[in-house]
Amino acid sequence: MPASLNQPLNSVCLLTPAGPGAVAVLQLELAEPEQAAHFLAGFRSGSASSVAAAHEAPVNRILFGQWSGEDVLLVRTAPCRWELHCHGGAVAVRRILLDLEQAGLPTVPALGDASPPLPQSLSVPMLIEIAVQRALIQCRTRLAADWILRQRDGRLLEPVTQLRSPDPRIRSHARAQLLQHAPFLKFLLRPARVGLFGPPNAGKSSLLNALCGLSRAIVSPVAGTTRDPVDAETQVHGRMLCITDTAGLHDAPGSPLEADGIRRTQSLVSHCDAACILAPADQPLPDIRLLTEPFRSCPATILVRSRCDLLQTARQAGNGLGQPHSTDTLSQSPGFLREVFVSAVTGEGLDELRNVLLQVIFPPEPEPGTALPLPGLTD
């Protein structure tokens, strides 16, 4: 019976990410169906309608019971394959794995934990398969999952084999070839972090809600409403963005609590992949140097002229504001990569801002047959 996902015969594998969670799923891959009676001896059925012995259950039959005092579900997914669903806490998982290990069923490397090195004693195909499974668990979009699953088509066989070469020049070349695509892989497996910065009442919370399509942040005309950073995630053309609303930046905080919020905002800058600096379009632009100076450590800064739906009103009031797309702001400050006018009320400019974020953060997509440096392969 072939192993599922190339899992070795007579082994147990944690299919869910390592660490605490609501539910954990363990997969048992056996060489012979008769072995199930021995390895599943720890399961105690809790349903009167269940079959007398768990190892005799038909395929796809779901059994409820206990294992070492833990409530579990057991299902036979193939003649020689079983899944055990238990509480996702570390203690429950560790206890069941220990029982299985004492019964003679070893644990293969946890799929969700990319930190332990992959055992180099594994064959190259097995090494690639486990790396794919680890990376797949981290995928948040169909685009990411598609890229990771395509790494199983044989494109990694040659470079991973070369990484095991006794010749250091061959190993170095193979590693360099793979790592050139590390920036692309990074943003496949984790969201890009985008910070919304600016003075109080610049429209940061409204913009966060508009970009993500939900009321994640509290919107209020009262300055200093946002104290702690507020995160929300959204998907744009298969890419994940984690957008952070921050406390308004200014020189005269009204309370120690507001001052602490500003300090937290400033500490976030270095962790952002892009910073959107908001400046209301219906108000005169502040000193451009004050807008750019705190964000020099950020890889990409975008000037976002918020509240552009109020420009017509501002022009009628004689504020001297020009047309929304005819400003010369960028020529005054090389610190900004782009300038975008948006309105969280009407939706104007939101798609343009999303596209700009994709352009300034994400590297170009490689050729379809590109081999990626999956976690653990190049360590």
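Reply: Arg140 and Glu233 form a salt bridge, with the closest N and O atoms 2.2 Å apart (a side-chain nitrogen of Lys or Arg within 4 Å of a carboxyl oxygen of Asp or Glu). The pair links distant parts of the chain, 93 residues apart: Arg140 is in the loop between α3 and α4, and Glu233 is in strand β8 (residues 230-236). Helices (H or I, at least four residues) and strands (E, at least two) are DSSP runs, numbered from the N terminus.

Me: What does the model rest on?

Reply: The model is predicted; local features need pLDDT of at least 70, side-chain atom pairs count only at pLDDT 80 or more, and totals for chains, interfaces and linings use all residues. Residues are numbered from 1 along each chain as its sequence is written, and side-chain values use heavy atoms, with hydrogens and water left out.

Me: How many salt bridges are there in the whole structure?

Reply: A search finds 12. Among them, Glu129 pairs with Arg152, the closest N and O atoms being 2.9 Å apart.

Me: Is Glu129 buried or exposed?

Reply: Glu129 is buried, at 6% relative accessible area, whereas Arg152 is partly exposed at 37%. Buried means under 20%, exposed over 50%, partly exposed in between (1.4 Å probe, protein chains only).

Me: Changing topic, why is strand β6 largely enclosed?

Reply: Because 5 of the 7 residues of β6 (residues 81-87) are buried.

Me: Which way does β2 run relative to β6?

Reply: Strands β2 (residues 23-29) and β6 run antiparallel, joined by 7 bridges; two strands pair if DSSP finds at least two bridges between them.
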